[in-house]
Amino acid sequence: MSNSATVLTTNTRLTALTSKISKVIRDNTKIITLPAKNYPPWWNLSCHNFQKLKILFRKRALRLISESDWMKHKKYAAKLRFHIKKASRNYWDKICNITKNPRMFYSMLNRIYNHTNQEINTVNLILHNNHYISNPVQQSNLFADFFSANSVTHEPIPLDYCEDSNSHLNIPIHLQEVRQAIQKTRNSTPGADGITANWFKRLSNTDLTCITSFFQEVFTTSYIPEEWKHSIIVPIPKPNKDKTKINSYRPIALTSVFSKVFERILIQRITHHLLTEKKIPPSVNGFLPLRDNQLAVYKIHTAISEAHSHKKYFIGISLDIKSAYDTVYIDGLIFKCLQLGITGNITKILHNFLQNRTLQIRWRHSLSGTKPVQKVLPQGSVVSPILFVCFLSDFSETLDEGVEYSIFADDIFIFCAHTSLDHISKKLQNTMENVYKWCNYWKLNISPEKCSIADLSKKKLPSIPRITYAGFPLPWKQTIKYLGINFSKINQNGIILKNIRSKALRKINALKSIAYKNYGPRTKDLINIVNNSICSLFYYSCSITNKFSETQYKACNTIQTMALRVALGLPKWTPNIVLMKIAGQEVLSEKIKRLAAQFFIRQLANGVHSPIYDQNCNPSIKLI
């Protein structure tokens, strides 16, 4: 009885708190739409108001020949120049921050070109049962039915949370943990309550202490408020898909920032436990410190190089998990967490957080009805990636002896090297049969038609081995792609350079569209965009690109100089030495070598805590 009363109090307190905060934010937030004119992308309300005042007093001064009105015109003209300069700089600073993620380059361009408030012409018809639906409420309900229909229920597993109050995972929540979680939370679009991360970042110590005590109450009772398990889904069209079909959209989830802050506290504890106890195999990468995509790609490249030097056959298989987050087995995930030593109250909280979730669809300024959903790892949840890593932590059990693997998020790469092709064929076939059994047991689905297999050795295959998954033969490809890097049988570095160069040239052409606009960015901003979006393509795989030949390095430097000429507006005949001096940039080839050296030093400096060492403190990757 006392436990249920505590849960009720916790729920009531959160509901009252969030409703009060949301009301204050709504009452103090005023949304004003500017006229649909061709304003620069950084134009804001202050610029608009001072421009109106400047024009007003100029007309009055000309009409009435008034000195005071002319002085006011001069005053507001000066203020307008000040606010234009400030707004322009703030806008392009934000754009440069966006381009720190190279994948956001084209999103940045779309943001610049869609800066006006005119309605963007989109397809407003949705095809359902051979009928077109135009009503936005009906469309939102169709999306809600579609995204919740994929839910799968499984048989529950009896679980023992093994209460362990002395563990680091279950100690009381400290104020410093809350501060760190708030600082790491990005100011993205808020959830249904409308509370942003900036609101949390401006709280006083007294307010933070109150929130800490509330989080501790949630942690003690293991009760997750319903608002934290509710998501607002915004359907975003997939590129090059028919926008009249519902399955041509991917869901983007907006969740409560309250929940995100609490989740970050749990993530910090789980990550610390997994790293200090070495619970995750070194071949599982992503969402953990020191386990970035560079290490995952470097492991594959090193294995291929060793096979070439020892004149072995090398065959790699890329696996594609179908709807990875949506098919994770709830109780199976919690069972694996218990096996990894994540026990006590924190496991009970995770289990409650992943169950009985709800969603609503926001579509064309309308909200659908609330739908229950049983998907395990919700989109937009901060804790989902690290839990997925835990779920795949025992994938190594499927591997036959002599077969190795590399995992980054839901990308799985299995490979085997040996002097005998029959030996490789037998080992890989046994492994694929084990993977099929493992996926069936843990309720995961792999699409054989989206998987690929390739020969990456220098030796010519006497015959093409037939490797099957669930009775379906895996398709053979000339190249195999893993984490954006194309691995090939011949001219490996040339294929990588060709792929990066084609991406860089497309971005340089796109950069020209904003470099010469009258409302365009400063030279400093353009150089930052070049570094963040174009040169970073070479930094991404610096552990591999540092093995380029001098001729290939010259091609890399040519890409850099082309991009800097666009950013600086200098002619083609400008000497490269002068160009680099004006831009204040390091030569691309030298920076690639420096970043590669930093990558290797960082791995060695962390000693046995680095993922290059396995659970027995033996090197699992050869640094060459």
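Figure 1. Asp-394 has a relative accessible area of 14% and is buried. Buried means under 20% relative accessible area, exposed means over 50%, and partly exposed lies in between (1.4 Å probe, protein chains only). This is a predicted model, in which local features need pLDDT of at least 70 and side-chain atom pairs count only at pLDDT 80 or more, while totals for chains, interfaces and linings use all residues. Residues are numbered from 1 along each chain as its sequence is written, and side-chain values use heavy atoms, with hydrogens and water left out. Lys-336 is also buried, at 5% relative accessibility. The two side chains form a salt bridge, with the closest N and O atoms 2.8 Å apart. This pair links distant parts of the chain, 58 residues apart: Asp-394 sits in the loop between helix 13 (384–391) and strand 10 (403–408), and Lys-336 in helix 11 (residues 330–339). A salt bridge here is a side-chain nitrogen of Lys or Arg within 4 Å of a carboxyl oxygen of Asp or Glu. Helices (H or I, at least four residues) and strands (E, at least two) are DSSP runs, numbered from the N terminus.

**Figure 2. Further salt bridges.** The count by this rule is nine salt bridges. One of them joins Asp-145 to Lys-371, with the closest N and O atoms 2.8 Å apart. Asp-145 lies in helix 5 (residues 136–149) and Lys-371 in strand 9 (residues 371–373), so parts 226 residues apart in sequence are tied together. Asp-145 is partly exposed at 36% relative accessibility, and Lys-371 is partly exposed at 26%. Lys-427 and Asp-400 meet in a salt bridge of 3.9 Å, N to O. Lys-427 belongs to helix 14 (residues 421–441), Asp-400 to the loop between helix 13 and strand 10, 27 residues apart. Lys-427 is buried, with a relative accessible area of 16%. Asp-93, Arg-522 and Asp-525 form a network of salt bridges.

Figure 3. Five strands line up in the order 5-10-11-6-12, with mixed pairing. Strand 5 (284–285) and strand 12 (452–455) are the edges, each pairing on one side only. Two strands pair if DSSP finds at least two bridges between them. Strands 5 and 10 run parallel and are joined by two bridges. Asn-285 has Phe-408 of strand 10 as its bridge partner. Helix 14 lies across strand 6 (313–320), strand 10 and strand 11 (411–418), at about 15° to strand 6. Axes are lines fitted to C-alpha atoms, for helices over the stretch in contact (heavy atoms within 4.5 Å). Angles run from 0 to 180 degrees between N-to-C directions.

**Figure 4. Aromatic pairs.** The whole structure holds 33 aromatic pairs. Phe-215 and Phe-258 have ring centres 6.4 Å apart and planes at 85°, so they are edge-to-face. Phe-215 is in helix 8 and Phe-258 in helix 9, so parts 43 residues apart in sequence are tied together. Phe-215 is buried at 0% relative accessibility, and Phe-258 is buried at 1%. Phe-395 and Trp-438 have ring centres 5.3 Å apart and planes at 90°, so this pair is edge-to-face. Both Phe-395 and Trp-438 are buried. Rings of Phe, Tyr and Trp (its six-membered ring) pair if their centres lie within 6.5 Å; planes under 30 degrees apart count as stacked, over 60 as edge-to-face and the rest as tilted.
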